[in-house]
Amino acid sequence: MSGVNAQSAQAVPESSVGAARKGFDQWSAFQGTRSEFFPEGANAARPVDVPTTDPEGRNIRKTASTAMGAKAIPDAVVKDIEDMVLSGKLSYDRVTDKASIGRAKQTIIDEGFQRALVEFSASVRKGVVSKDLATLGQQLLVNAANAGDGKATAELLSLYAQMETTAGQAVQAASILRKLDPTYQLYAVERTIGNLREELARTHPDLELTIDPALIDKFHQQNDQAGRDAVMEEIYQNVASQVPATWRDKWNAWRYLAMLGNPRTHIRNVVGNAGFQPVRAIKDEVGAALETAAEKLGFQFERTKSFAASPELYRAAWSDYPNAAEVLSGNKYNDARSGIESRRKIFTLPVLESARTGNSRALEVEDALFKRVTYADALAKYLKANNVTAEQLTAGTVDQGLLGRARDYAGREALRATYNDRNAVSDKVVQVARAMGPFGEAVLPFKRTPANILARGLEYSPAGFAKSITYDLYQAKKGNKTAAEVIDNMAAGLTGSALMALGAYLAAQGLVRGGGDDEKQEALDDLAGRQSYALNLPGGGSVTLDWLAPEALPFFMGVELAEAIGRSGFTGDGLVTALAASAEPMLEMSMLQSLNDLIDSVSYAESSGKLPAIAGSALVSYLSQAIPTIGGQIERTAEDRRTSTYTDKSALLPTDVQYALGRASSRIPGWDYQQVPYIDAWGREEPTGTLPMRAMNNFLNPAYTSFTNVTAADAEIQRLYDRTGYGSVVPSRAPRFFTVDGKEKYLNGEEYVRYAKKRGETAYNVLSYIIESGTYRAMSDEDKADLVSDVYQYADAVGKAAVSGYEPDGWVAKAMSSGVPAGAYMLYRSTADANGDGTVSGSEAAHALLPLSGLNDRKKGKVWQSQDNRWNEEKNPFTGALSAAGIPPETAADILTRYGEIDRAAYSGDSVPRQKQTELSKYLDGLGLTAEQRAVVDETFRFYSMFPAKVLPYSIGTMSDAAQKKWPAAQSWGMSEEDYLKYYAIYSGDGKKADKIRKLQEAGMTQRQVKHFYEIMGSEK
């Protein structure tokens, strides 16, 4: 093949049999299955015969042929490149790759090799990630290899290993680099050190990073690569010890240690990873079923899943993990730069440095366990699906292409299962956060992990399924995705949809609660100890599940949807609300606490203050990140009551500074700055349990627990809110200031606690008294809601008066001075204006007081008199002249009522007072009073002109004008004057119609007569 000229070689791939080599090894066997090969370069160092397509039929990059034939590539490295070809790492099937290769070649032509290499190196060091950059690196490597430039080849391989690209490519680059000439290996390290020196020159211009000459000599003295690798480790350590730790290095290291260095973080990491394993396993089972179905339908593709693998194959796959451990460790793939960075000493204090490295190692070990579990499971099922046995894997006789693809798949699954993978979502989040500089660090100290959790949540959801059957299928049709990838995405979407259905079912059964966007309902839930995004436990407790992201996202999407349907049926608005609320668990994660704080700050800030709120929240968050979380756990464990930070607007320090200091003090045991007990809307402090329980919840429990405490008042308020929708019935926590005599009174911490307790306790006690009364139960829900609002108004006034010179007025002042329980006074007040005319008569006041239990006549009389001090004390139904004569308050109230009716009625003639007195006398005759009692009533209830009126003989002429007008109709009906006098007094009396009908029947009328009598009285004639 060497005789083919360069022009023809570049024009088309050469046809060749190549079958003679089939059967000697996997590479030879592969060559024997192909008929088209790349032509060798004019200066090829060896014949290579690289086919143009891989075992899967995908196009192989010409890079493979060029690199394998290049003089700069040792013979020992050729086998590695062969393995990369077999595993598909040098293949492509995307049309857009051709355009990317064209752009890379043009860049080298336009800028020259050296300048393009410098730009490529700078981009890699900045962490830039793009397909064009990776393609440029490949083309530069081809040029360097063709030119026989060992140093450039070594530098490019080193840079390629540093690139944040696929794990397999990076490891292969590092592996090839280790097999280059020792001089070139050392040169690659020296170039890395040079780049590091350039970066540090801005802060340390006099710093000289060098490799100890003794180590260089030692490196050259080694006879094998194992020895050189060992010396290279010493070189990394030698250089790392020379790199100084800047203040930023120390600050960032301390921040992350402060945030992550606590047992609860590690437990959440372990339990969170463990919680996702069943979900992933179900996804794989669904995927296996889909792959089986697709295969039976005639689709040809390499399967990635099977329903089960034998224990032997699983053990063999478990043992294979070390081959991928470096790739999956998260340490940027064993390149020189990461080798140096990982060995740097940040803190000079040994205990701090040990804590930093120990905490990082612990997190890596925790993730590594689940990576290995996932890797072994995925690899075993991949191989089982392709008929590979445990014996073959153990003996190393598996087709290298198949094994490479299986390892890549298993590695990706391991990274995805522990949220360490790279994807478009997390890459964009990291990019944006980095672009925001310190602000991004303040708001998103953790970037990739929460972004990956969000990505998993979207993949495992109905949205993920919809994407798989639309966009993914379209991409597969274009050749940009494999059938197995589409099926995997479908399986994830179906699994998430099942989680959503489970959430909806459990919510419908009342076993799980969502969040929702009703602030009033949230306030009621908080008051009763109910938690959002929680599993309800038998006995009234609950435990949050929001920390189980990403599986919590589709699960609570179902919960929210079920609750929305329960509230208002299946509507578009309900669906949108459910989808929006389902993202809330993401913000509840501790790693996004800073972002959550920012959102809260903006939402509560006024329009003109949103920008300062953003800046202030970010600054407070950034500084607070350096305060150890474990300190807060210790502090909360020591406190037997929940506390909160109180900001005093009247203090010298700005409230933002107070909040920052208070938040800091809550994490520092022994320092309590502006910390006050948390006081709920009922004025209660919130206990946090026994010491062992507090220790478990703060140090070990990844969730939050709560026990519900639904009082009768809570239940009634919830019922009222559900029936009326009035937010005014929901109690609120005490504000931090109020108005006294037109001026704002800002409370300090001590005053606030007294005010909040007095206000809340008063509201709770008064409301509890009221809801037990028959008067309250007889009211309509709207009237009850108005009464509850009055309770809160009264309680607020009492609380204000307790901490300031506030003086209540109006009905609140009357209630305070009435000498009766506030609840009783408010029940009386809410029912006193029986006719709704806006005023309260003596009769209305009396009848409102009569049914109130728990009050004696003296107290009722005091309330009656306080309603209007102009009322005649002798007419007080409870303590007046009639009471002294032994007349029951009920009878006295009825006399007062009838007296008022007669007094307001229209009479004509010269003796109106006498007519009224006569009408009253006729009424009194039927009450069965003793002579002494009758005399007291006659003396107390008189109608005056100039002298007390005397009673006239009973007749129609003594009745009111209205009564006289109706008399002819009654007379024509056959009613006697005596009966009319008796019955009309009942008809025109006070009370409900039903009561009057009953009294008319008791006086002698039949039901039919009563009906006709009412018709006559209602007639216009």
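Visitor: How many bridges join β5 to strand β6?
Guide: Strands of a sheet pair through backbone hydrogen bonds, either parallel or antiparallel. Here β5 and β6 (residues 534-536) run antiparallel and are joined by two bridges, with Arg513 opposite Ala534 of β6. Two strands count as paired if DSSP finds at least two bridges between them, and strands (E, at least two residues) and helices (H or I, at least four) are DSSP runs numbered from the N terminus. This is a predicted model, in which local features need pLDDT of at least 70, side-chain atom pairs count only at pLDDT 80 or more, and totals for chains, interfaces and linings use all residues. Residues are numbered from 1 along each chain as its sequence is written, and side-chain values use heavy atoms, with hydrogens and water left out.

Visitor: Which strand order does the open sheet have?
Guide: The four strands follow the order β5-β6-β7-β10 with antiparallel pairing, and β5 (512-513) and β10 (705-707) are the edge strands, each pairing on one side only. Between β6 and β7 there are three bridges, and these two strands form a hairpin with four residues between them, where Gly539 in the turn has a positive phi of about 95°. Three bridges also join β7 to β10, with Ser706 as the bridge partner of Ser542.

Visitor: Which residues of strand β7 are buried on its two sides?
Guide: In a regular strand the side chains alternate between the two faces of the sheet. In β7, Gly541 and Val543 on one side and Ser542 and Thr544 on the other are all buried, where buried means under 20% relative accessible area, exposed over 50%, and partly exposed in between (1.4 Å probe, protein chains only).
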